[in-house]
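Here is a friendly briefing to read with the model open beside you.

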Amino acid sequence: MDYQFPKQLFPSFYNCGPPDLVLKHCAGNWGCYDRVRPQGGSGPLSSWTFTSRHQVGGEAWRHTEPVPVPLLSPKNSFPWLSTPPDPQDFTEHMQNFFMDHCQDAFGSISGILSENLNLKPGRKGKSRSDSVYMTKMENIIKKVKLKRCPFSFDSTVLDRYGTLLSDVLPAVPPELLGSLLYEELEEQRERMLFCEAATGGALAFIPFSQSGSDPQRGCLLYPGNQGLDFLNFHRVELQQHRGTPSCLDASSCELSTFQLQGPVRQISAASLINDCCVAVRSDHLCGVWRFSEGNKPQLMEVVNTKEVGTCISVSPHVLGEVLVASESGAVNLWTVGKRMQKVRKEEEYLYFNAKSSWRWCEFSAHPRVMQYADRTGVELCDIRMSPVSNHTLFRIGNTSECRSGERLILSRYLADVHPFHHLITTQYSAYIMDERFPCMPVLKWDHMMQSPPMFCHTVPGSDPSRTAKVLLGSHSSQEITLLQYSGGRAEACSSRGPPQALLRPRDSLRHLPVQIPHRLELATSRLSIPAAGLTCIHKRGGGGEECICILQLTEAGDIFYQILEPEQPHTPPQAPERNTPSGIKVAERPPHSLNLTSATSSDEDIIGPNQVLSYVPETPERERPELEIYSSSSESESQSKTRYMKRLHMQLQVIDNVNVDHGNESDTAGVSAETVSEEKAEIPEESSRMEEPSSSVQKLSDGVVVTWKQWLQKLMQKSRENKPRPQRRQPYKVPTEDLLHLSGVQARGEDSAEKERMENLRRDLRACMTSRSLLVHSAVSASLGDQEVVAVPNAVDTDTWKDPTSERFTVSWQGEGAWQAWWEENLGLNRGKKVEALRRKRKREKEARRSSSQQSVLSGSFTSSLCYQSDLSDFSNLSGWSSTASQGVWSDSGGALSQAEDSIENGSRRATTPSSVQTDAPVPTLTPTPTPTPQRDKQASQTPSSTRAPPPTPKSLKKSKRQTDYLSALFAPQDEPSQHGGYFLEEDSTVHHKPPPVASSSYQLHSSQSASLRSVRTGFSQSLTPSRSLTPSQSSQGRPGLSQTSQTKKKKPRMGF
Amino acid sequence: MTGGHRTVSIRERDKRQLCLSLTAVLIMDDLERELMSFKDLEDDNDSFDDNSSKASTKSKLPLPNYGMHAEPPRESGFHRSTRVCLEHIRDALLHHRWQEAAEYMACYPQILEDTTNGSAQSYKELTWRISAEILHHHPKSKLEDYNNIYERMKHSGVRHYLMICLEHSFHLLLNGHIEEAKRQLSVSESWRYGKESAAQDQKTKLIQAYRSLLDYIIWVDKKFTNSNTEYPESNENQDIRNYFRTASVNLKEILKNPGVWDPFILSYVEMLEFYEDHEEALKVLNDYAYDNSFPPNPNAHVYLYQYLKRCDTPEKNQMKVLKILHVSVPSHELMLEYSSFLLKSEKSSDIEKALRVVLEMLDFACWRSSLDVWKRLEAIIQKLQQQENWKYVVRTNMAERHGWWPALHFTCFHASKDSEENPELMQVKAPLTKILCPDLTLKYTDWQATNGK
């Protein structure tokens, strides 16, 4: 009933005019019903039902594996940019060129100039009179210190030219090279972001038989080789296994390969019953092949297009009719073997200037009505009349709810889904157009893909109740999106369910075992190569289960497939038999697998899970060489075999037991377990329709893991074969044998016990690595012998650390706020506040006093003012600050403090500086009011223990001594710090007094470097006592800020010295 | 009774308003912000035009930016975490992992409390869409949940009020709550806010039209119950007529706008026919079919044709409609009726027309194996053969098909297929091949000769 037109369409407005909609969110049309229309019902209210244009539920399809599986082993390896190049980087590229290919860049010019240069010193006679003496030049250049190539140079003549003439005389002028490079990079970037030549896709599958029950057989067409210039015909078979290892080399298969003169851009195929016609487009050539199940592919005809071809399309109506479009804007109907008929030629754009010469063409429901598309819209051209009559099918702007900037990306006649339906994709949306009702899309989706969909494949619903599936594939981001819709015949079209994103190869590494970094890098860049084609094999549910196998081609020539099967709503997902670890032969197999068999191609071309799985138990010998690659070479064959078996065993266990040890895997299986465990963790309690898919996030089956592993192995091999940037020279090597000596080198020869110990240690290490356990002391103690157990130091008692630095450290553990408060306190930043508080207190007291002694007002006020003054001065003493000197000192000490922090971090500096300070500071020259010199700054910093010891009572002295002891314990052999600290303290304190005592006390130190701490202490206490008398409040208050040396110094004038 | 009902509904509304007083505060904030965002919109358009006018041979496509891949230069930790959260939600939704999306979604609505963000509007719509989609796929979602989310989100901003109202009523309709949906629509119908943009205007009209459609449904319902009772009261009739009147105003209104209005026009015409306003019905249908500002909807012609057929208008008029339909949709199933009209006609030129119509139908894939069409072709040829110049007529009509008809219909593949699936078709087709393509030896007949009975 394909000819029916829906009786009632969904209501919608028809808007003309330029599109102005800008979508600001990324939710597309989620959650929307779009429109509803009444259905049925002509009687009472209850008989009316409604249907919506966007229906909530579609068919649920689930992946059999969480990753796409590679179909073929990687055939080649070449460096690939994972991110589009930035044209601004052209200088870097130039630099690389000059570095890596300096002979090409500069060699020719220096060759020409060689006769004018003389490289040998002191032979004037032989050379020409005007030649330049290069030894001199070289000396000059050395003096100038130009940036030179880091590679070594042999002493050949050319190399010297290379050095001398670097970026002086390049073969290509740098300006020209730069601009060309810039252009090239810009083009490359655009091509990576959006490659319109690839539109349509270069992957096709042609089923041989339409019957459902058989395993789906057919021919896969894909481009091969590094430049994608080989066209391969490959027989593939989608097989269904029900628990039996049935198929291995099931059928012989012919593989034909044709070499083309350019990359394969698009493959379009159509088959009529048994005959199949394949049209292939490369940039300037288009060819048509014909083949059938029994016959080998046969090239029918090739045409050359003057302009770059943009589209090729095979007629679904008449075999041997092909439409070819090119950038010239012309579309030709090519009847293979007969003639070329011009359908349409359009110099201009259909509707508005889109600045693109891309053209597209497709057939339509009528064999003589063609679709002609550019970026602005689609027209249907009736070529029976002349001139050709056209009418609009789709137009950006006239179609409702187009978005601003929307452009047509791909248009496709959906012959197999509905004879009148066309799919049109833009960057934002996918439209289904009915050509009987042009201009209004019968359906619209937001496909929500990041990069525009350029590939498309449709799967017709097998019966009217089923949905038709539209698969959209994008180029640069590799996305595949599955859309479902139904209707278009008796009922209006409605989309079913939201778009579903399918798996991408670039996401698969997450699910695979962990790779070591450089492999990961290589694999990541390989897997994120843009897609180049999309096709799909649909196995109808005739005898077995229905499934869809989606194949995706990348520009590197890799093909990945993923299999979808319908989700049974209320049955638990088929879990691989968890409880039978040995069930590798049968149980692990995915229900479907793509068996690729071939007679002419070698076995290693094929990596199907079948093959791997089936020969492991039967002929394990074959597997071994490959396994050896990733197993330790020191083990015997039998070990490796058992290990392999064990590994498989392990993986199965892993599914059961999250905490299981991973066994002997060298670089795999770790992640599978982890992901599994993660996924297991999030199994929700309620099991219902919705939870099913999320709880059954699939586990990787072993077959897939092995396939992937082999694929990655092959990729590494290939990449090892051709290094990306071949370097011409060996880097200059400095012989280092003499520089570094192992400590045990001499002893090695004689001490066999030592050797044995090392052996043991190595063995233990290896054992730890293989068992993936931690290397702990007990594991190696046997080989290392008993080690001295170092006791854990006691916990630090912060109370015993009274010096400002320690206190600051202690405080800083309480957080930044406390630390800051400490500083404020210490620097007197909160002085203003305190003064304020004191004033308030004073005022209160005053008032209290006033109220108490109302009688003597005058005297009271007088005394209070006096008190006020004295209190103020008290306070300034107390905080160690004077109002006059505050600013300057503050900034000084601030600097000192920041320095202090620096130097405190650096213990060694602390240890080394004292001696120099001691000698450099001649004590007699010390002036009573020293200026803030670096030395003095250091004092602040380097007196952590002593500066903060304000009350020189015996008790505190003891304490400080204990501290110094502690310090000396910390900085084990050196007692300089404490000594030094003592010294500085002394020096500080001398500032307050007359020079003589200072000289004497410090002299003590100078006289005997090894003076005991005790003697220092005495000096310290001596020198401090007078200052105590000067500032009595210091000792009584015991505030941390008091002993700030620089402050006390500055305080002096204020104090009347 | 209806009055009482209304007050109840109003009271409920008030209650709802009270409950949502918090969000009402939000609305006030929104007004200014949304006015701002209107301006933003315009600016965006301008900037895009600038981009597109850059001269280049290759097209520079504006690629969709889902606002989450590019990290904004300065963003607070809050924005960062919500952006990452949104990415996760989006990823989960795209992969149909509803449970996971729901878990993330529990945290996402924080973004609505963010006041620093200028594009709060889009976040609201985003929140609404995502939560609705999650509810769609939640096994235990209830109508209350839906009502909750629809009500909350619709009152959180003015720009999407109408859209969410419409979607809300759709949801109610799909779940069979027609009365409730009608109430929703009536509420939103009276909603007005400031300057109306074109999109808003259209939304209002759609809401009115849908409300009228529901009026029509009630009208049908009342009519149905009325016809079952033996003695219809005039009172009831008046009530029914009221429904017709309220419905017809908006339906007539929406039919003036270019668009596809199939359900609306059908209901409108049915009511008009019931009240025997044939003039208006014909006018409406004619406008719908022949107004050039309307998209070329084949159904418009079908409705007109069906109406004419119901009214027993002369065949000439009916044929005229079909003739116009034939130009736009030559593959339409009504073409079978058209060809039978032409076949019945006395004029000799009509036979040729009929031949052309049927041949054109057979061009299309969907009719290729239809026995009816081939039988019709057989009948036409038989009648044509009574004329003297029949060979000439057939030859001229087949001339343009000469190159591809054999490949389309008469290959041995077709022969084997027809003999398997539809032997009767083969019996009809085989003799016709000689008449249609007399100078070709076709594999179809050869195959039949070798394999046939």
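What follows is a short tour of selected strands, sheets and helices in chains A and B.

This is a predicted model in which local features need pLDDT of at least 70 and side-chain atom pairs count only at pLDDT 80 or more, while totals for chains, interfaces and linings use all residues. Residues are numbered from 1 along each chain as its sequence is written, chains are lettered from A and ligands numbered from 1 in the order in which they are written, and side-chain values use heavy atoms, with hydrogens and water left out.

- Strand S35 (residues 547-554) of chain A is largely enclosed by the rest of the structure, because 8 of its 8 residues are buried; buried means under 20% relative accessible area, exposed over 50% and partly exposed in between, with a 1.4 Å probe and protein chains only.
- Helices (H or I, at least four residues) and strands (E, at least two) are DSSP runs, numbered from the N terminus.
- In a regular strand the side chains alternate between the two faces of the sheet.
- On S35(A), A:Cys547, A:Cys549, A:Leu551 and A:Leu553 point one way, A:Ile548, A:Ile550, A:Gln552 and A:Thr554 point the other way, and all are buried.
- Strand S34 (residues 531-539) of chain A runs antiparallel to S35(A) and is joined to it by 8 bridges; two strands pair if DSSP finds at least two bridges between them.
- Across that pairing, A:Leu551 in S35(A) has A:Thr535 opposite.
- S35(A) also pairs with strand S36 (residues 559-566) of chain A, in the antiparallel sense over 6 bridges, and A:Ile550 has A:Gln562 in S36(A) as its bridge partner.
- The hairpin of S35(A) and S36(A) has 4 residues between the strands, and A:Gly557 in this hairpin takes a positive phi near 90°.

**A side-chain contact to A:Gln562**

- A:His63 lies in strand S5 (residues 61-63) of chain A and is buried, with a relative accessible area of 10%.
- The side chains of A:His63 and A:Gln562 make a polar contact at 2.9 Å; such a contact is a pair of N or O atoms within 3.5 Å, where within protein one must be able to donate a hydrogen and the other to accept it, and residues adjacent in sequence count only if both atoms are side-chain atoms.

**Two open sheets in chain A**

- One open sheet has 4 strands in the order S13-S14-S15-S16 (chain A), with antiparallel pairing.
- Its edge strands, S13 (266-272) and S16 (298-304) of chain A, each pair on one side only.
- The twist in this sheet averages 15° from one strand to the next; axes are lines fitted to C-alpha atoms, for helices over the stretch in contact, and angles run from 0 to 180 degrees between N-to-C directions.
- Within it, strands S14 (residues 275-281) and S15 (residues 285-291) of chain A run antiparallel and are joined by 6 bridges, and A:Cys277 has A:Arg290 in S15(A) as its bridge partner.
- Another open sheet has 4 strands in the order S17-S18-S19-S20 (chain A), again with antiparallel pairing.
- Strands S17 (309-314) and S20 (339-345) of chain A each have a single partner strand, so one side of each is left without a neighbour in the sheet.
- The twist here averages 20° from one strand to the next.

**Chain B and its helices**

- Chain B comes to 22 helices and 1 strand, and 47% of its 453 residues count as buried.
- Helices H13 (residues 298-310) and H15 (residues 334-344) of chain B pack at an angle of about 50°, with their axes 12 Å apart.
- H13(B) and H15(B) are therefore oblique to each other; angles under 35 degrees count as roughly parallel, over 145 as roughly antiparallel, 65 to 115 as roughly perpendicular and the rest as oblique.
- The contact (heavy atoms within 4.5 Å) is made by B:Val302, B:Tyr305 and B:Lys309 of H13(B) and B:Leu334, B:Glu337 and B:Phe341 of H15(B).
- B:Gln318, in helix H14 (residues 315-328) of chain B, is buried, with a relative accessible area of 7%.
- Not counting residues up to four places away in sequence, B:Gln318 touches B:Tyr305, B:Leu308, B:Lys309, B:Thr313 and B:Phe341.
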